[in-house]
Protein chains: 2
Amino acid sequence: MSPARSHADSLVPPEAVLQRLAAEEHTTSDALRELLLDGRATVLGSHARVGQIRACVVGAGLRTKVNANFGTSALSSDLVGELHKLDVAIEAGADAVMDLSTGGDIRAVRGAVLARASVPVGTVPVYEAAVQAAGRSGGPTAMTLDSLIAAVRNHAEQGVDFQTVHASITRSQLSSGAVERRRTGIVSRGGALLACWMRAHDAENPYYERFDEVLDICRGYGVTLSLGDSMRPGCLADAGDEAQMTEVAVLGGLVQRARDAGVRVIVEGPGHVPLHEVAAQVTAIKRACHGVPLYVLGPLVTDVAPGYDHITSAIGGTLAAMSGADFLCYVTRAEHVRLPNADDVREGVIACRIAAHAGDVAAGLPGAREWDEAMATARKALDWPGQFALAIDPTLPAEMRAHSDAGDAAECTMCGPLCSMRVTSSEVLA
Amino acid sequence: MSPARSHADSLVPPEAVLQRLAAEEHTTSDALRELLLDGRATVLGSHARVGQIRACVVGAGLRTKVNANFGTSALSSDLVGELHKLDVAIEAGADAVMDLSTGGDIRAVRGAVLARASVPVGTVPVYEAAVQAAGRSGGPTAMTLDSLIAAVRNHAEQGVDFQTVHASITRSQLSSGAVERRRTGIVSRGGALLACWMRAHDAENPYYERFDEVLDICRGYGVTLSLGDSMRPGCLADAGDEAQMTEVAVLGGLVQRARDAGVRVIVEGPGHVPLHEVAAQVTAIKRACHGVPLYVLGPLVTDVAPGYDHITSAIGGTLAAMSGADFLCYVTRAEHVRLPNADDVREGVIACRIAAHAGDVAAGLPGAREWDEAMATARKALDWPGQFALAIDPTLPAEMRAHSDAGDAAECTMCGPLCSMRVTSSEVLA
């Protein structure tokens with residue numbers, strides 16, 4: 001029996017969940033089970049929550065999924081506000097969310113999020129160790145080795161569905177000088193915290209050194225391990241550089257160890273990448289990481305548009321999804337500027353869903369184009385309720401039309417009676 | 001002497017303008033002159049206006065330019081409001097604008113726009129013939145043959161810099177059944193008007209039949225002829241179909257005739273196109289049209305996102321610009337829903353500029369990446385005034401930060417003291 005088969009209980013969800021997921025993905029439960037055992041697809045949904053929530057599956061040939069981040073920060077901490085963002089994200093169609101809280105009582109925030117979220121919830125345990133160190137009036141260098149591992153266990157015990165662990169930033173990588181040769185260094189928050197600690201203590205990355213403990217925890221609780229990319233490029237100039245590619249090779253090895261241990265695993269990817277390198281990055285990372293489901297942040301195709309990074313990331317995300325990325329993390333217009341508000345969250349989810357769907361269309365995913373075809377038919381018929389019902393955001397276009405001067409007109413106020421749909425219709429020609 | 005050289009006076013702007021344009025494009029006036037004579041680049045700026053306005057040039061190896069549409073419609077006609085949109089578009093960075101007015105006294109609107117616009121102004125003369133027919137209580141079938149040609153002359157006399165003429169929709173094309181086999185038929189407003197007229201009168205397209213008259217007018221006034229694509233796909237299902245490709249072949253022939261006549265010419269392109277077909281469309285159209293500057297509307301990579309088509313078009317526009325499109329027409333979030341308002345115009349221009357720049361970066365345009373590199377340096381330094389000054393929209397991110405809880409903090413409210421830029425800086429490590 002292969003290692004994967006011996007770990008089927010860890011990798012494959014209960015039969016009822018498997019059947020629902022297979023139906024949603026237009027495949028069979030047998031085919032989906034094979035993907036899960038091969039590690040080319042991964043379920044998001046811990047043992048504690050998989051039967052209670054809308055668990056989802058990310059991977060090869062499946063619909064591209066969308067994640068929305070939210071969470072408190074030291075400069076902006078408001079539990080009610082963050083729970084509202086959670087609701088907004090789910091209502092806008094996020095398939096999963098990540099609670100990235102670093103301000104206030106983050107354990108309590110996480111508990112409230114888990115109690116409320118109907119979709120898989122992800123977290124980044126190193127933030128907890130850093131916040132604890134700050135509470136003891138220390139910087140990241142005051143994190144303790146045990147607190148880093150304990151955070152993973154604590155999150156797992158609380159029921160978190162997926163965790164980002166930055167296990168692939170290593171001591172040899174840091175001493176190579178590759179980071180110093182970058183324009184923006186390390187922009188992954190978790191990666192930066194660990195690099196700071198490793199340099200101060202002249203020590204190896206605890207998550208790398210004690211990776212087997214991390215794997216044991218994840219397998220035990222059915223947590224999906226999301227291997228964070230500490231060397232994610234933070235600007236176009238750093239995309240695909242030595243620092244990033246060194247880490248990709250390490251990630252490949254960690255993926256293999258996770259699979260051998262029967263742990264559900266996905267890998268995180270860039271970041272800021274010029275459009276002509278997006279397909280190459282996705283292909284290269286998936287290849288080096290043995291076809292693991294790839295979870296990308298963007299990619300953002302230019303650095304110059306703060307205030308509009310929901311757009312720069314939707315551009316890169318579409319090409320990434322077309323090229324094989326399986327899971328898109330949204331980027332809001334607040335990225336690089338401030339914590340997103342609820343409006344930013346809503347708009348960010350929609351922009352990311354546009355990228356995911358347009359990527360699925362371009363990749364030829366079965367069933368994807370039918371949606372566009374139904375919309376085209378409704379548009380040709382000037383069937384406004386039909387167009388709104390089919391819209392990726394049914395609310396906004398309906399409000400826009402209601403507040404225009406269209407009144408009872410069959411057309412919209414753009415063209416009025418010169419509407420091409422009307423001009424070419426048989427009534428006008430008759 | 002080649003036909004192009006004999007028409008150098010029509011194709012090449014006055015020396016002072018040529019030198020300014022060459023400097024802006026990081027090239028020499030000799031090299032730019034060759035591009036203009038070859039027809040691979042085209043100046044937008046009529047004889048009457050080229051020395052008075054910020055004329056621009058579109059074409060191979062040059063910065064991708066951005067156009068913004070505005071204009072009255074029968075359901076929404078407000079001169080002051082449309083002139084405000086003009087100002088907003090130019091302030092947001094549009095390289096050119098098109099006045100697509102179809103409501104109210106459109107000749108007066110056009111005159112006001114030409115008096116005010118500091119960038120090239122384009123129009124679509126067939127709309128004038130249709131509006132005149134409507135004024136005589138007729139539908140598009142009541143347009144007269146002479147009014148169609150007169151509209152081109154009237155616009156040229158007023159000083160319009162570029163005109164869209166739908167000369168490539170032909171009688172044989174309409175009788176082929178290809179339009180009926182489409183899901184959304186003809187979505188080009190000008191194309192739909194002409195098709196309606198041609199069918200009702202069982203006659204050839206006047207702009208096709210009397211193309212030499214159109215060319216004479218354009219050459220005489222230094223108008224750039226923008227050959228409209230009447231068969232632009234209006235949904236993914238129609239992209240690249242028989243109707244579109246038949247027209248592309250006709251467009252290639254018309255480009256050749258325009259060049260032989262010494263007329264500045266560009267060609268319009270799609271439209272709704274799935275992402276995996278965008279590069280192929282751009283390559284195919286430019287090849288069939290002898291390397292003519294290509295002016296695309298989008299392309300929109302999915303049909304399902306009314307209310308967000310500034311995003312769906314930025315996605316396709318970036319890949320189009322990377323693949324050789326030279327001039328992007330913006331699409332606002334109001335597309336398919338209502339006439340855009342000033343906010344939609346502003347946001348649409350920014351989204352389109354993002355696409356143009358990200359496409360130029362991906363295409364390796366000399367000088368394009370320096371902008372991103374400067375932003376990355378400012379971002380790493382947490383230099384907020386520097387980031388805002390470099391931003392494609394300097395206003396919005398500054399306002400977003402000012403209205404956040406950042407106060408005097410060095411970081412933003414997303415990460416606060418856990419900011420990766422700070423954590424990895426030497427002060428923290430020290």
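Helices (H or I, at least four residues) and strands (E, at least two) are DSSP runs, numbered from the N terminus. The model is predicted, with local features requiring pLDDT of at least 70 and side-chain atom pairs counted only at pLDDT 80 or more, while totals for chains, interfaces and linings use all residues. Residues are numbered from 1 along each chain as its sequence is written, chains are lettered from A and ligands numbered from 1 in the order in which they are written, and side-chain values use heavy atoms, with hydrogens and water left out.

Helix H12 of chain A spans residues 211-221, and its buried residues are Phe211(A), Val214(A), Leu215(A), Ile217(A) and Cys218(A) (buried: under 20% relative accessible area; exposed: over 50%; partly exposed in between; 1.4 Å probe, protein chains only). These residues lie on the same side of H12(A) because they cover an arc of only 165 degrees around the axis, the arc being that of the directions from the helix axis to the C-beta atoms. An α-helix has 3.6 residues a turn, so residues three or four places apart point the same way. The cover over the buried residues of H12(A) includes helices H8 (145-158), H11 (206-209) and H13 (242-260) and strands E6 (162-165) and E7 (224-227) of chain A, where contact means heavy atoms within 4.5 Å.

In chain B, eight strands form a closed barrel in the order E3-E4-E5-E6-E7-E8-E9-E10, with parallel pairing. The twist from one strand to the next averages 25 degrees; axes are lines fitted to C-alpha atoms, for helices over the stretch in contact, and angles run from 0 to 180 degrees between N-to-C directions. Two strands pair if DSSP finds at least two bridges between them. Strands E8 (residues 265-269) and E9(B) run parallel and are joined by three bridges, and Gly269(B) has Val296(B) as its bridge partner in E9(B). From E8(B) the chain reaches E9(B) through helix H14 (residues 275-288) of chain B in a right-handed β-α-β crossover, a term that applies if, with the strands pointing away from the viewer, the path from the first strand over the helix to the second runs clockwise.

E9(B) also pairs in the parallel sense with strand E10 (residues 327-329) of chain B, over three bridges, and Val296(B) stands opposite Leu328(B) in E10(B). The crossover from E9(B) to E10(B), through helix H15 (residues 309-323) of chain B, is likewise a right-handed β-α-β crossover. Strand E3 (residues 65-70) of chain B pairs with E10(B) in the parallel sense over three bridges, and Leu328(B) is the bridge partner of Val66(B). Within E9(B), Leu294(B) and Val296(B) point one way and Tyr295(B) and Leu297(B) the other way, and all are buried.

In chain A, the axes of helices H14 (residues 275-288) and H15 (residues 309-323) come within 9 Å and cross at roughly 40 degrees. The crossing of H14(A) and H15(A) is right-handed (near helix turned clockwise from the far one by less than a right angle; left-handed if anticlockwise). Residues of H14(A) at this contact include Leu275(A), Val278(A) and Val282(A), which meet residues of H15(A) including Ile315(A), Leu319(A) and Ala320(A).

Two cis peptide bonds are described next. One joins Pro270(A) and Gly271(A), with omega about 10 degrees, and Gly271(A) lies in the loop between E8 and H14 of chain A. The bond from Gly298(B) to Pro299(B) is cis, with omega near -5 degrees.
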